[in-house]
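Let's take a walk through this structure together. Keep the sequence and the 3D view side by side as you read.

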Amino acid sequence: MNGIIDFANTYVKKFMDYITPAVLMMLVLTIVAIAVGVKFSKALEGGIRLAISITAIGAIMGILTTSFSEALQAFVLRTGIDLSITDVGWAPLANITWGSPYTLYFLVVMIIVNLVMLFTNKTDTLDVDIFDIWHLAITGLFAMYMGANLLITTLLVIFIGVLKILNSDLMKPTFNELLDAPDENPMTTTHMNYMMNPIVMVFDKIIDRLFPSLDKYDFDAAKLNSKIGFWGSKFAIGIYLGLLVGFLAGMKLMDVLQLAFTAATCLELFSVIGQWFIESVEPLSQGIADYANKKLGDRKLNIGLDWPFIAGRAEMWAAANILAPIMLLIAMILPGNKVLPLGGIIAMGLTPALLVVTGGKIIRMVIIGIFMLPIFLWSGTLIAPYATEAAKAVHAFPTGLPETALITHSTLEGPVEKFVAYFIGLANGEGGKYILIALMVLIAYLLLFMWYRKQMIKRNEELKLKRDSI
């Protein structure tokens with residue numbers, strides 16, 4: 001297996017050094033889409049959309065990092081708070097990860113795993129969220145960076161990938177409840193952000209035990225969002241961030257305001273361009289779905305989509321708006337953290353899991369979210385050396401940053417899995433005590449998921465009884 005990858009890397013190295021990430025991904029997406037039966041015009045359209053998305057996100061990150069570079073250096077000097085790792089958000093990390101030849105390999109592996117699970121009736125979910133394989137791939141790539149060989153990395157990716165697919169089945173009744181949808185609704189998701197569910201559920205059970213009357217004080221998230229209006233938008237959060245950094249950096253008033261407006265523009269454009277990424281892989285996702293349906297006949301399947309099909313729930317955005325300034329404060333005082341939340345300050349790596357586990361109870365979402373945010377910040381700090389090296393390898397390091405700067409994503413999905421990958425990599429690369437540590441981490445991770453699975457099965461039975469009684 002290593003020989004195949006080494007052979008490919010040897011013979012395509014010059015090509016990879018020459019070609020840009022945008023052009024490479026346009027070619028890869030187009031060719032793969034055609035291979036699964038997508039019409040050439042649709043396949044090419046998806047490839048071009050992806051190339052445009054990659055180009056656009058690079059341009060926006062260039063603006064953001066250039067604007068904040070000097071301000072952040074002055075911020076560190078004046079405050080003594082060393083938050084020197086630049087948070088570039090999810091899209092540049094996706095770009096970097098898709099630039100690796102291993103990502104397509106992990107995609108093929110997980111398509112095979114998903115089909116095997118379907119044919120053996122281990123799942124009812126067909127995962128068509130092709131683009132977001134990068135969340136799983138970056139976990140595997142980080143394990144390799146820490147010392148794991150390809151075989152161990154592949155097994156780790158399969159292990160986490162299988163749990164993700166099983167989780168999509170477990171969450172399906174909850175999604176029906178949150179969307180007020182019938183049982184025939186096919187929508188679910190295998191997105192990595194829902195792998196935070198087990199830890200969120202631990203805190204949710206603690207609240208049940210210690211503060212059972214807390215929910216009496218809950219409030220309507222839609223009304224809160226309506227009252228906050230513009231002041232809780234991405235624009236406004238960008239302005240708050242720019243004002244905070246600019247004033248603490250000792251900048252002149254006009255420079256502070258310009259920094260604030262630049263941050264506001266970039267944070268809003270992140271979400272717009274992020275949607276372009278999702279739309280670009282729709283032809284490929286549909287092609288894979290059509291292929292699987294032909295092979296599985298008339299069997300009823302759940303469709304694993306990207307997480308935003310649940311984004312209409314106001315509780316998720318209310319919690320994100322409340323948690324954003326809290327995350328800034330936590331980042332400044334959290335021991336071991338080196339990341340100033342910037343591109344990832346809208347914590348979409350966390351709030352969907354909070355919504356699913358708590359059922360949209362805002363007070364619980366915020367309280368649990370406060371305890372979850374440090375995990376993300378520590379994870380972002382942990383992977384920064386890898387993210388930086390990978391960005392430079394695929395010529396995607398943001399312009400405007402010093403060559404010695406580190407980059408990361410403050411709320412990257414799957415933070416717990418990054419720590420698992422860290423210890424697996426060390427165990428495979430260095431052996432000794434790290435083998436025992438890695439085994440303990442894996443066992444703890446699996447046992448927590450099994451406990452969570454038991455709780456979700458119980459919840460699903462209760463939801464079924466509730467629906468049957470209506």
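**A walk along the helices**

Start at Asn 121, which sits in the loop between H5 and strand S2 (125-127). Helices here are DSSP runs of H or I with at least four residues, strands are runs of E with at least two, and both are numbered from the N terminus. This is a predicted model, where local features need pLDDT of at least 70 and side-chain atom pairs count only at pLDDT 80 or more, while totals for chains, interfaces and linings use all residues. Residues are numbered from 1 along each chain as its sequence is written, and side-chain values use heavy atoms, with hydrogens and water left out.

Back to Asn 121: its phi is near 60°, a positive value in a residue other than glycine. Most residues other than glycine have a negative phi. Asn 121 is also exposed, with a relative accessible area of 57%. (Exposed means over 50% relative accessible area, buried under 20%, and partly exposed in between, using a 1.4 Å probe and protein chains only.)

Now move on to helix H6 (residues 133-145). H6 is mostly covered, with eleven of its 13 residues buried; among them are Trp 134, His 135 and Phe 142. The buried residues of H6 pack against several helices, including H7 and helix H15 (362-393). After H6 comes Gly 147, with a positive phi near 125°.

Next up is H7 (residues 150-179), a helix of 30 residues that reaches 40 Å from its first C-alpha to its last, close to the 44 Å expected. Asn 149 caps its N-terminal end, with a side-chain oxygen 3.2 Å from the backbone nitrogen of Leu 151. Further along, H7 has a kink of about 40° at Met 171, shortly before the proline Pro 173. (The bend is the angle between axes fitted to the seven residues ending there and the seven starting there.) Asp 180 follows H7, and its phi is positive, near 55°.

Finally, look at Ser 379 in helix H15. At 2% relative accessibility, Ser 379 counts as buried. Leaving aside neighbours within four places in sequence, Ser 379 is in contact (heavy atoms within 4.5 Å) with Pro 415, Lys 418 and Phe 419.

Definitions and conventions. The expected span of a helix is 1.5 Å times one less than its number of residues. A polar contact is a pair of N or O atoms within 3.5 Å; within protein, one must be able to donate a hydrogen and the other to accept it, and residues adjacent in sequence count only if both atoms are side-chain atoms.
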